[in-house]
Amino acid sequence: LSIPVITIDGPSGAGKGTLGLWLAKALKFHLLESGALYRLSALAAQLLGVDDSDEQQVADISKQLDVSFIPKGDGVAVMLNGQDVSAALRQEDIGMAASRVAAFPSVRSALVECQRNFVKAPGLVADGRDMGSTIFPQAEAKIFLTARAETRADRRMKQLEDAGLAADYDKILADIKARDENDSNRSVSPLVAAPDALVIDSSDLSLDEVYDKALEYIRLKI
Ligand code: C5P
C-alpha cells in the first residue's frame with residue numbers, strides 16, 4: 001500500500017505554508033516545507049562566506065545540509081546544525097537568495113532525495129513550487145494555490161510585521177514579482193501547475209474558505 005502524498009505548489013505568499021500546516025495537523029500527516037531547504041542552502045552558504053552564485057559550492061553545501069524540522073508553537077522550527085534558524089530563514093534577502101540558488105540544476109538535484117525521504121506513514125503534505133510536477137508526480141492529491149501579486153505582498157507585509165521584522169510594501173511587491181519571474185522562467189522545474197492539479201486562487205478567499213475547498217478535494221482523492 002502506498003503512503004499518501006498531498007502536494008501544494010504555487011508562488012510565494014499564496015498561503016501554501018498555512019494551508020500545509022492546517023492540512024498536516026488535521027490529517028496527522030508529516031509536513032515538508034521544501035522552500036525552507038532552498039532557503040537553508042542560501043543561508044548556509046552565507047554563513048560559510050560562500051558566494052551564492054557559485055553553483056558547485058552551493059550544491060556541495062546542499063548535499064550536506066544537517067536539517068530537521070521540529071514542532072514549535074503553532075508551526076515548525078527549522079533547525080540547521082541543531083540551531084533554530086527559523087527567523088533568519090524568513091528574511092526577504094534569504095528568500096531572494098533562495099530563488100537564485102534554486103535555479104541551479106545541481107542544487108535542485110542535490111535536494112531531491114532529501115525531499116523524497118520525508119514520505120513516511122501515515123502520509124505527507126509537501127509545499128513548494130515543483131512538488132506535484134517533479135518531486136512527487138505520483139501524489140494522490142495536487143493543489144496549485146495562487147493569488148494576485150498585490151494580495152500576496154499585503155500578506156507578506158503582515159507576516160513580517162507580526163514577526164517584528166522590518167517591512168516595506170513597495171520593496172516586498174517588487175521582490176514578489178522578481179521571484180515570480182525567476183521561479184516561472186527557469187529551465188529546471190519552473191513554477192507551473194501540474195496538469196492534474198486543482199487550481200485555487202486565494203485572492204478573494206479567506207484562509208478558512210481555501211482550507212475547506214482543499215479538504216473537500218483531498219477527501220475525494222485519498
Ligand atoms: O516557498 P519559499 O518562499 O520559502 O521558497 C523560497 C524559494 O525557494 C522560492 O522563491 C523558490 O525559488 C525556491 N523553491 C523552489 N522549489 C521549491 C520550493 C522553493 O524552487 N519546491
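G13 is buried, at a relative accessible area of 16% (buried means under 20% relative accessible area, exposed over 50%, and partly exposed in between, using a 1.4 Å probe and protein chains only). This residue sits in the loop between β1 (5–9) and α1 (16–27). Helices and strands here are DSSP runs, numbered from the N terminus, with helices being H or I of at least four residues and strands E of at least two. Leaving aside residues up to four places away in sequence, G13 touches R152, R155 and R156, where contact means heavy atoms within 4.5 Å.

A quick word on what is being looked at: this is a predicted model, in which local features need pLDDT of at least 70 and side-chain atom pairs count only at pLDDT 80 or more, while totals for chains, interfaces and linings use all residues. Residues are numbered from 1 along each chain as its sequence is written, and side-chain values use heavy atoms, with hydrogens and water left out. The chain averages a pLDDT of 95, and 100% of the residues score at least 70; pLDDT is the predictor's confidence in each residue, from 0 to 100. The model's scores are ipTM 0.98 and pTM 0.93.

Now for the annotations. The unreviewed UniProt entry lists "domain: Cytidylate kinase" for residues 6–219. UniProt positions follow the numbering used here, feature names are shortened, and annotations may be inferred rather than shown by experiment. Across residues 6–219, the chain is 51% helix and 17% strand, and the end C-alpha atoms are 11 Å apart. The unreviewed entry also gives a "binding site" at G10, P11, S12, G13, A14, G15, K16, G17 and T18.

Most residues other than glycine have a negative phi, and most peptide bonds are trans. The peptide bond from A121 to P122, however, is cis, with omega near 5°. P122 is in the loop between α6 (105–116) and β6 (124–128).

Positive phi values turn up too. K28, a residue other than glycine, has a phi near 60°; K28 lies in the loop between α1 and β2 (30–33) and counts as exposed, at 66% relative accessibility. For N81, also not a glycine, phi is positive and near 50°. N81 falls in the loop between β4 (75–80) and β5 (83–84), and its relative accessible area of 55% makes N81 exposed.
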